[in-house]
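Thanks, everyone. I'd like to walk you through one structure this morning. Please have a look at it first.

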Amino acid sequence: MPAPVVPGPARPVEALLFDLGGVVLGIDFGRVFAAWARAAGRDPAAVADAFAFDDAYRRHERGELADDAYFAHVDRALGLGLGAAGIALGWRAIFTGPVPGMRALVEQVRARRPTYLFSNTNAAHHRQFGAEYPELLAPFERCFMSYELGLRKPDAPAFEAVARRIGVAPSRILFVDDTVANVEGARAVGMRAETVRSAAQARDALARHGVPLD
């Protein structure tokens, strides 16, 4: 009888890829809806119910729709009468601050593996968090923004494009994101991927994939 085949050791992770919103920087769309509601004299719950993560939203995140055009679309769709400028003002309320412990963790692991960031975002938010939280972006070797790539998570071409730019096979990249659909999209192209929503969860994910932390 032939000897059983014993699997060899898993190939090591060669690059780390972090999501931004919900992983490194806190976000809360409820704050956006509340800001619009206050400005328009509406009920925040009604504004939240009327808002849609629609095709225009996705086009905005792919850089196919300019900020002013998207904000005008939102104003019309919600019937708020705030104009593009009023929508833009409320749009800025989304960020809640750094996720506790994540900057320290990224600083720690970047000395052990090349570390990158991949965010579904738009030009307006990029300008904002780049100005308000530059210390969160500084540790990453490169930051990939969906509106600059023209591609967004969880679509396979987005992950494939990022892997090409990193120069590492998807199977050697560990991706962490707070959204299950994005994690599943990364896994579909062969990346190792984990859902995390805190520094502790991210630390555990890194350890499971053999990334040294000490």
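**A buried histidine and its surroundings**

Let's start with His 125. His 125 counts as buried, because its relative accessibility is 5% and the cut-off for buried is under 20%. Keep in mind that this is a predicted model. His 125 sits in helix α7, which covers residues 123-132.

Which residues does His 125 touch, once we leave aside its neighbours within four places in sequence? They are Trp 91, Ile 94 and Phe 95.

Now follow Trp 91 to the aromatic rings. Searching the whole structure gives 21 aromatic pairs. One of them joins Phe 29 and Trp 91, edge-to-face. The centres are 6.0 Å apart, with 70 degrees between the planes. This pair links distant parts of the chain. Phe 29 is in helix α1, residues 29-40, and Trp 91 is in helix α5, residues 83-91.

Next pair: Trp 36 and Phe 51. This one is tilted, at 6.0 Å centre to centre and 45 degrees between the planes. Trp 36 lies in helix α1, while Phe 51 lies in the loop between α2 (44-50) and α3 (55-61), so the pair ties together parts 15 residues apart in sequence. How buried is Trp 36, by relative accessible area? The value is 0%, so Trp 36 is buried. Phe 51 has 10%, so Phe 51 is buried too.

Both pairs belong to one aromatic cluster. Its members are Phe 29, Phe 33, Trp 36, Phe 51, Phe 53, Tyr 57, Tyr 70, Phe 71 and Trp 91.

On to the nonpolar cores. In soluble globular proteins, nonpolar side chains tend to be buried together. Here, the largest nonpolar core has 48 residues. Phe 18, Trp 36, Tyr 70, Trp 91 and Met 102 touch the most other members. Helix α1 gives the most to this core, with 5 residues.

Take Met 102. Neighbours within four places in sequence aside, Met 102 contacts Phe 18, Val 23, Val 24, Ser 198, Ala 199 and Ala 202. Another core, of 19 residues, lies apart from the largest one. Among its members are Val 162, Ala 163, Met 191 and Ala 193.

One last item, a charge on a ring. The charged end of Lys 153 sits over the ring of Phe 118, 5.1 Å from the ring centre.

Terms used. Residues numbered from 1 in each chain as written. Predicted model: local features only at pLDDT ≥ 70, side-chain atom pairs only at ≥ 80, totals over all residues. Heavy atoms only, no water. Phe/Tyr/Trp six-rings, centres within 6.5 Å; stacked < 30°, edge-to-face > 60°. Helix = DSSP H or I, 4+ residues; strand = E, 2+ residues; numbered from the N terminus. Buried < 20%, exposed > 50% of the residue type's maximum accessible area, 1.4 Å probe, protein only. Lys NZ or Arg CZ within 6 Å of the ring centre and 35° of its normal. Core = buried A, V, L, I, M, F, W, Y, C linked by side-chain atoms within 4.5 Å. Contact = heavy atoms within 4.5 Å.
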